[in-house]
Amino acid sequence: MQKNEIIANEKIDEKKVAVAEKIISQLQKELPNYITKGSGPFLAAIYDEKGNLIAKEANSVIDETCSHNHAEMNAIKAAEKALNTYDLSAHNLSLYVTSEPCMMCLGGIMWSGIKAVYYGVPSKRVEQITGFDEGFKPNWFAEFSKRGIVAYGNIAVELGEKVLQDYVANGNTVYQPNRE
């Protein structure tokens, strides 16, 4: 697979890809501003089916000293608060994120009621660039499909890889639990 080849758990819809490329590219361009303010190198946004932004949040693990404050989890929490519900399924929402969700975020997405997820940099590249352990994620595209969740990946990869490379090159913390 080429790193820029769009992948999906449904027949690829070029209209969905175009929307996702626009949103994820914009998130990648905004992300350095969040990093400058202390956020980690990931940004997620949730939109409704009409294209309205419901929530946009960055990774805040380090600045809020909480290991589960990944961008996706923060965006889901903000969307639930904005819509006053713990079940987002009735709102037909899509999550757009700068990199492939880790195993924790995949669970959060599944349980939140999000209907679609679109991501930029694949986990393998995130791990190669940052060393962050994305976790064990067997067949998650198929598992999402079984649950009616659409998934598309490898969107705006070059922009995202550059942000991750800059994050590491600038000496920012890549958090990992000590496993020794």
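Trp-140 is buried at 9% relative accessibility, where buried means under 20% relative accessible area, exposed over 50% and partly exposed in between, with a 1.4 Å probe and protein chains only. Phe-144 is buried too, with a relative accessible area of 3%. The model is predicted, with local features needing pLDDT of at least 70 and side-chain atom pairs counting only at pLDDT 80 or more, while totals for chains, interfaces and linings use all residues. Residues are numbered from 1 along each chain as its sequence is written, and side-chain values use heavy atoms, leaving out hydrogens and water.

Trp-140 and Phe-144 both belong to helix 5 (residues 140-146), four residues apart, about one turn of the helix. Helices (H or I, at least four residues) and strands (E, at least two) are DSSP runs numbered from the N terminus. A pair of aromatic rings is described by the distance of the centres and the angle of the planes. Rings of Phe, Tyr and Trp (its six-membered ring) pair if their centres lie within 6.5 Å; planes under 30 degrees apart count as stacked, over 60 as edge-to-face and the rest as tilted. By this rule there are eight aromatic pairs, including the two tabulated here.

| Pair | Centre to centre | Angle between planes | Geometry |
|---|---|---|---|
| Tyr-47 and Tyr-96 | 5.6 Å | 85° | edge-to-face |
| Trp-140 and Phe-144 | 5.1 Å | 80° | edge-to-face |

Tyr-47 is buried at 18% relative accessible area, and Tyr-96 is buried at 7%. Together with Tyr-118 and Tyr-152, Tyr-47 and Tyr-96 form one aromatic cluster.

Helix packing is the second topic. Helix 4 (residues 123-130) packs against helix 6 (residues 157-169) at an angle of about 25°, with the axes 9 Å apart. Axes are lines fitted to C-alpha atoms, for helices over the stretch in contact, and angles run from 0 to 180 degrees between N-to-C directions. Helix 4 is therefore roughly parallel to helix 6, a term for angles under 35 degrees. In the contact (heavy atoms within 4.5 Å), Arg-125, Val-126, Ile-129 and Thr-130 of helix 4 meet Glu-161, Leu-164, Gln-165 and Val-168 of helix 6.

Helix 1 (residues 14-36) and helix 6 pack at about 15°, with their axes 9 Å apart, and are therefore roughly parallel to each other. Residues making this contact include Leu-31, Pro-32 and Ile-35 of helix 1 and Leu-159, Gly-160 and Val-163 of helix 6.

Conventions: Parallel < 35°, antiparallel > 145°, perpendicular 65-115°, else oblique.
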